[in-house]
Amino acid sequence: MSLLQQRTQTREIFNPWPYQRYCIHRVVTDPFLGLFLDMGLGKTVITLTGVNDLMYNRFAVRKTLVVAPKKVAEATWTDEAERWEHLRLLRVQTVLGTERQRLRALSTPADIYVIGRDNVQWLVDHYRQAWPFEMVVLDELSSFKNPSSIRFKSIKRVRPKIQRVLGLTGTPAPNSLLDVWAQVYLLDQGQRLYPKFEQFRTRFFDKVPRGDFHKYESKIGAEDAIKAAIEDICISMKAEDYLDLPELMPNRIPIELDSRARKAYRDFERKQVLELDGEVITAAQAAAVTNKLLQMCAGAVYDENREVHEVHDAKIEAILELVESLQGKPLLTFYGFQHDRDRILRALQKHKGLEVRELKGPQDYADWNARKIHVGLAHPASTAYGLNLQRGGNHICWFTLPWSLELYEQAQKRLHRQGQQEKVIEHFLMVRDSMDEEVAKRLEGKARTQQALIDALKARIEKVT
């Protein structure tokens, strides 16, 4: 039996939910559309079904380009196309690797070409005036939120040549409503929220001084006005409104440092934060200091030469106990720093019979979903978007929390999404009275990353002084 026959025999029948039917209809009928769907609602299969209809039933599209985060581009789109029976005709080609490999991929006949977002400028420069894609899908549209970014400017250059644009994201405004303009511009070329970002900002935001810098705060009624302006081209749905997802249960595991490690942490914290006492704290300063403190919580710090200095093993001991208590159940562990990953690997690989692996590519993801891995290690930035890992387990461990609310929520949804059959348990390793707790507090408050950094650092300064 050939590999193609094996795949064909294992394809599943797609029975869309009513909300999915509605979204597919809109993908087919609307030339530009924003699908602001929560994680787990099936944005990928909705999109592929719509593209399949446009190509093979309506003959409205010949070539489609998908621009996605690198990890999503590697596997998610091809996996979904091979999963469903109704998509058997769709040919999906990834455009990845070296320039030579990318050029070879572009010359391969296909219906859908999937490229990493970091190669968008290269693609636009390669085709120049001969842009061949009638339809462009921007997977994780929120990654185009910065109007000054190269990826935004690249798509903007060819936007007039594109007949259909579909933007996919679960978090259209992860930091503030300012993020919405660039994303909507790529849909309608400025028809609804003004052709220029400065016009949009002036209309809906006030400039508010904050010490040596300033920030923009939305005017009264701005959010409602923005939503009203874009509601005809954007669909927004939350998972809890459409899916009967299993319960998500938090489990805080308090970490108590021994006297030596606690003294080292307090001395380090005092030195770091008291140097800033009385100054106007910038985001860069806050990021540097808080990251150092989070490293201390994790148990090791980098020096100026990127050498690692270990301080304590409290979290390592905690994760060993957690793995033991799970009795073989898989644990998806998110780390924050490379030394987190290295120290966890060293500690767990000593245990015979325990399959511990960093999740880096399609084979790792497949093995995880096949439950061949006991502890899967991942950085939230590398597994945050699009990856379906829910079949591999229902336990998450946060060794170090990220500052970004978007990264946190996206990473969490790798397991807590459609298809998950069990309650998802989220374990947080938290050093008592430390920056760990400050990060958790800011995430719970859904604060913007930059301001959360500064507020957390100010809170620690107040406590130390």
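1. Let me begin with Y194, which sits in the loop between α8 (180-188) and α9 (197-204). The model is a predicted one, and the backbone here deserves a look: phi of Y194 is near 80°, a positive value in a residue other than glycine. Most residues other than glycine have a negative phi. Is Y194 buried, partly exposed or exposed? Its relative accessibility is 32%, so Y194 counts as partly exposed.

2. You will find R371 in the loop between α16 (362-369) and β15 (375-378). With a relative accessibility of 41%, R371 counts as partly exposed.

3. The side chain of R371 has a partner as well. Which residue does R371 meet in a salt bridge? The partner is E422, with an N to O distance of 3.4 Å. E422 lies in the loop between α18 (405-412) and β17, while R371 is in the loop between α16 and β15, so this pair ties together parts that are 51 residues apart in sequence. E422 is partly exposed, because its relative accessible area of 31% falls between the 20% and 50% limits.

4. Salt bridges also turn up as a network: E355, R357, D364 and D367 are joined into one by bridges that share partners. Searching the whole structure gives 28 salt bridges.

5. Please also look at D433 and R266, whose side chains meet in a salt bridge at 3.6 Å, N to O. This pair links distant parts of the chain: D433 is in the loop between β17 (424-431) and α19 (435-444), R266 is in helix α12, and 167 residues separate them. D433 has a relative accessibility of 21%, and therefore counts as partly exposed; the limit for buried is under 20%. R266 is also partly exposed, with a relative accessible area of 34%.

6. Next comes a salt bridge between the side chains of D436 and K315, at 2.8 Å from N to O. Here, too, distant parts of the chain are linked: D436 belongs to helix α19 and K315 to helix α14 (residues 314-326), and they are 121 residues apart. Are these two residues buried or exposed? Both D436 and K315 are buried.

7. The chain has 20 helices and 17 strands, and buried residues account for 55% of its 465 residues. How many of the contacts between residues at least 6 apart in sequence join residues at least 24 apart? The share is 70%. The accessible surface of the chain is about 21700 Å², with 48% of that belonging to carbon and sulfur atoms.

Definitions and conventions
Residues numbered from 1 in each chain as written. Heavy atoms only, no water. Helix = DSSP H or I, 4+ residues; strand = E, 2+ residues; numbered from the N terminus. Buried < 20%, exposed > 50% of the residue type's maximum accessible area, 1.4 Å probe, protein only. Contact = heavy atoms within 4.5 Å. Areas by Shrake-Rupley, 256 points an atom, 1.4 Å probe, with all protein chains shown as cover. Salt bridge = Lys/Arg side-chain N within 4 Å of Asp/Glu carboxyl O.
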